[in-house]
Amino acid sequence: MKKILYYIVFTLWYIISLLPLRVLYVLSDVLYLVLYRIVGYRRRTVWTNIVTAFPEMTAEEHQDVERGFYHFFCDYMVESIKLLTMSEAEIKRRMVFKSAERINEVVESGQSCAIYLGHYCNWEWITSLPLWVTPKAHCGQIYHPLENKDFDKLFLRMRQRFGAKCIAMNNTLREMVRYRKEGQPVVIGYISDQVPMWQNIHHWCNFLHHDTPVLTGTERIARSMNHAVFYMEVSRVKRGYYEVEFKLVTREPDKMPEYAITDRYFQLLEDTIRKRPELWLWSHNRWKRTREKFNRFYETVDGKVIRRRE
């Protein structure tokens, strides 16, 4: 039954992806009315996140961000489907990596790159990075495999079309060690603005007016592998067009204080979000884990987070 559903969805998505984006944006506008006006998809979560992240805004400004988010979110969905059949020429015209030479310079020197990014603008189109980077680099991105293997295969097909390899999060360190042994420079993207599990909380930072538990795995890998660290700032030029700028955080991660790289990433991400807040993914509950609850039920012993005994 699952395979039948997969083939139905794949066929439908493939047919839709053949439509020009100007037609898909009409579909997006209809989808906006359904998700926002009729269904109210996660509106309570979206509203709470926006209001608490921007207490200085007026109610009208909050509503502008909310409406803008739903418009963008629907665009993101149709743009992601379009990725199934987009040509290299079209994706390069619509997703422009302005400063890829900074990455190429590092790779040419023999060093690998860890690229921080967030759920901001169209992160699916970021998988076209290999079209801009020197062939000496092996490009990839860390991802969470879907429980449904058939649908996981569908998303892998989309995300790996332009040469970027998807690496399951649990295999990240193993893969990085393998590439280093092979002498293969890599350029790996890490979407690090996700909610860590309780046992993975090792650091908190002030992010968008919240005491926020954050993922630190990217920093640990960059330190242990001596990867140059960049922040990928994405901006939306207009509907269907994006530009990327690479901002160097450090080429010597082991010389920075512990968690300084992680703190810098969240500072840069917040700066990006504040420019156009509607382009961030507000529909996820980023702040469902609190320090108070963490301190009540968990403790850190020898660097590991364990649940306190009752």
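**Exercise 1. Is Thr-212 buried or exposed, and what relative accessibility does Thr-212 have?**

This is a predicted model, in which local features need pLDDT of at least 70, side-chain atom pairs count only at pLDDT 80 or more, and totals for chains, interfaces and linings use all residues. Residues are numbered from 1 along each chain as its sequence is written, and side-chain values use heavy atoms, with hydrogens and water left out.

*Solution.* 
Step 1. The classes are buried (under 20% relative accessible area), exposed (over 50%) and partly exposed in between, with a 1.4 Å probe and protein chains only.
Step 2. Thr-212 has 4% relative accessibility and therefore counts as buried.
Step 3. Thr-212 belongs to strand β7 (residues 210–213); strands (E, at least two residues) and helices (H or I, at least four) are DSSP runs, numbered from the N terminus.

**Exercise 2. Identify the polar contacts made by the side chain of Thr-212.**

*Solution.* 
Step 1. A polar contact is a pair of N or O atoms within 3.5 Å; within protein, one must be able to donate a hydrogen and the other to accept it, and residues adjacent in sequence count only if both atoms are side-chain atoms.
Step 2. Another is the side chain of Trp-287, at 2.8 Å.
Step 3. In terms of contact (heavy atoms within 4.5 Å), Thr-212 touches His-203, Trp-204, Cys-205, Phe-207 and Trp-287, not counting residues up to four places away in sequence.

**Exercise 3. Characterise the aromatic pairs of Phe-207 with Phe-266 and with Trp-287.**

*Solution.* 
Step 1. Rings of Phe, Tyr and Trp (its six-membered ring) pair if their centres lie within 6.5 Å; planes under 30 degrees apart count as stacked, over 60 as edge-to-face and the rest as tilted. The structure holds 29 such pairs.
Step 2. Phe-207 and Phe-266 are edge-to-face, with 5.1 Å centre to centre and 75° between the planes. This pair links distant parts of the chain, 59 residues apart: Phe-207 in strand β6 (residues 204–207) and Phe-266 in helix α10 (residues 260–275).
Step 3. Phe-207 counts as buried because its relative accessibility is 2%; Phe-266 is buried too, with a relative accessible area of 3%.
Step 4. Phe-207 and Trp-287 form a tilted pair, 6.4 Å centre to centre with 45° between the planes. Here the partners are 80 residues apart, Trp-287 lying in the loop between α10 and α11 (291–297).
Step 5. Trp-287, at 12% relative accessibility, counts as buried.
Step 6. Ring pairs link Phe-207, Phe-266 and Trp-287 into a cluster whose members also include Phe-54, Tyr-116 and Trp-282.

**Exercise 4. Determine how strand β8 (residues 228–238) is paired and how far it is covered.**

*Solution.* 
Step 1. Two strands pair if DSSP finds at least two bridges between them.
Step 2. Strand β2 (residues 113–117) runs parallel to β8 and is joined to it by four bridges; Cys-113 stands opposite Ala-228.
Step 3. Strand β9 (residues 241–250) pairs with β8 in the antiparallel sense over nine bridges, and Val-244 is the bridge partner of Val-234.
Step 4. β8 and β9 form a hairpin with two residues between them, and Gly-240 in the turn has a positive phi of about 85°.
Step 5. β8 is mostly covered, with eight of its 11 residues buried.
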